[in-house]
Amino acid sequence: MEIFINEVSLEGQYLNEVEFRDAVKMFTDILGLIKEKIQKKKLYKEESDRIKIYEAIRDSNFPASLNQLKDISLKREFINIVFNKSSPQEWRTEKLHSSEDLFDCLISDDNYKNVSDTSLAEVTERKLQNPDSEYLLINFPNSSFRMAHPDIKNICLITIIKNNDEINLICLDAIDSKLALECWLEEKLNISKLEYSLDSGEKIRDEQTILRDITRFRKTGLICQGRSIYIEFTTGRYWYVDNLHKSTPHLEVFDKTGKNHLGEADLNGNINYSKSDSDKTIDV
């Protein structure tokens with residue numbers, strides 16, 4: 001899947017430093033959750049020199065708005081996201097759309113905004129060429145891109161048409177808050193924010209652990225302690241929920257041979273390697 005930062009959603013909508021600071025905090029929270037929850041993704045942004053022309057605080061271009069931020073650590077983190085060329089990547093190095101084409105975005109009923117030669121144009125072209133691929137846009141909060149998604153709560157829907165041809169009309173999912181991202185992850189990737197409570201007295205379900213992340217794990221046909229064993233795509237490691245310790249729920253983690261127990265992981269997938277046990281093995 002590919003995720004694009006929508007620089008066009010920087011519209012001078014923030015009246016002062018406080019509003020812009022809050023928006024930046026929300027934006028960095030979104031990226032933090034993406035990093036935590038989505039393993040297989042590509043994150044793209046506009047070139048640094050081009051994003052500078054957009055306004056954040058009203059009547060202040062992007063660099064001038066950044067200079068007004070008083071929270072130095074937040075400012076440094078945000079600048080690294082926006083101006084570091086490799087993380088996220090600059091999509092123009094892999095540009096697919098033509099700058100000669102016209103791309104218009106529906107803002108409200110019969111009200112369109114020209115978004116040609118922007119990230120919105122690029123993600124539209126990629127969706128047209130790869131209709132089965134998953135795309136997501138990150139908006140800066142409180143922008144004009146706020147048309148409600150008909151199917152997913154808290155999500156925006158961005159509709160773009162290429163060259164005024166309805167055959168080339170694309171609808172894209174967009175988020176501008178951590179809550180919106182959580183809703184999108186649950187709907188699209190089955191990554192739920194379900195919480196497990198020891199007080200419930202029930203056995204923990206796989207979907208209440210990191211194993212719910214279908215971009216990271218695949219359920220195998222293997223069983224241990226009556227629980228399904230999952231394989232991690234990137235490492236080949238095997239994971240399953242320990243069914244013997246209800247008072248301290250955790251996951252067991254093995255290497256790709258199943259012969260070496262690597263340790264125990266908490267419900268969010270953080271491995272405690274000091275808990276490795278050479279006597280534990282699984283048949284894979």
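Let's start with strand E9, residues 156-162, where seven of seven residues are buried. Buried here means under 20% relative accessible area, with exposed over 50% and partly exposed in between, using a 1.4 Å probe and protein chains only. Strands are DSSP runs of E with at least two residues, helices are runs of H or I with at least four, and both are numbered from the N terminus.

Before I go on, this is a predicted model, so local features need pLDDT of at least 70 and side-chain atom pairs count only at pLDDT 80 or more, while totals for chains, interfaces and linings use all residues. Residues are numbered from 1 along each chain as its sequence is written, and side-chain values use heavy atoms, with hydrogens and water left out.

Back to E9. Cys156, Ile158, Ile160 and Lys162 point one way, Leu157, Thr159 and Ile161 point the other way, and all are buried. Who are the partners of E9? Strand E6, residues 103-108, runs antiparallel to E9 and is joined to it by four bridges, and Leu106 stands opposite Thr159. Strand E10, residues 169-175, also pairs with E9 in the antiparallel sense, over six bridges, with Ile170 as the bridge partner of Ile160. Two strands count as paired if DSSP finds at least two bridges between them. The E9 and E10 hairpin has six residues between the strands, and Asn163 takes a positive phi near 55 degrees there.

Now look at helix H5, residues 119-129. Nine of its 11 residues are buried, so the helix is largely enclosed by the rest of the structure. The buried residues of H5 pack against E1, E3, E6, E8, E9 and E10, where contact means heavy atoms within 4.5 Å. Among the buried ones are Glu122, Glu125, Arg126 and Lys127. Arg126 also lies over the face of Tyr44, 4.6 Å from the ring centre. The cut-offs for that are NZ of Lys or CZ of Arg within 6 Å of the ring centre and within 35 degrees of the ring normal.

On to the nonpolar core, meaning a set of buried Ala, Val, Leu, Ile, Met, Phe, Trp, Tyr and Cys residues joined through side-chain atoms within 4.5 Å. The largest one has 58 residues, and Phe20 and Ile138 have the most contacts inside it. Helix H1, residues 17-37, gives the most to this core, with eight residues. Another core, of 12 residues, lies apart from it and includes Phe217 and Trp239.

So what about the rings? There are 10 aromatic pairs in the structure. Rings of Phe, Tyr and Trp (its six-membered ring) pair if their centres lie within 6.5 Å; planes under 30 degrees apart are stacked, over 60 edge-to-face, and the rest tilted. Tyr14 and Phe20 are a tilted pair, 5.8 Å centre to centre with 35 degrees between the planes. Phe20 and Phe78 have centres 6.4 Å apart and planes at 75 degrees, so that pair is edge-to-face. Phe20 lies in H1 and Phe78 in helix H4, residues 72-83, so the pair ties together parts 58 residues apart in sequence. Ring pairs link Tyr14, Phe20, Phe27, Phe62, Phe78, Phe83 and Phe140 into a cluster.

Last, the open sheet: six strands in the order E11-E12-E13-E14-E15-E16, with antiparallel pairing. E11 and E16 stand at the edges with a single partner strand each, so one side of each is left without a neighbour in the sheet. E14 and E15 pair over four bridges, and Leu251 has Ala265 as its bridge partner.
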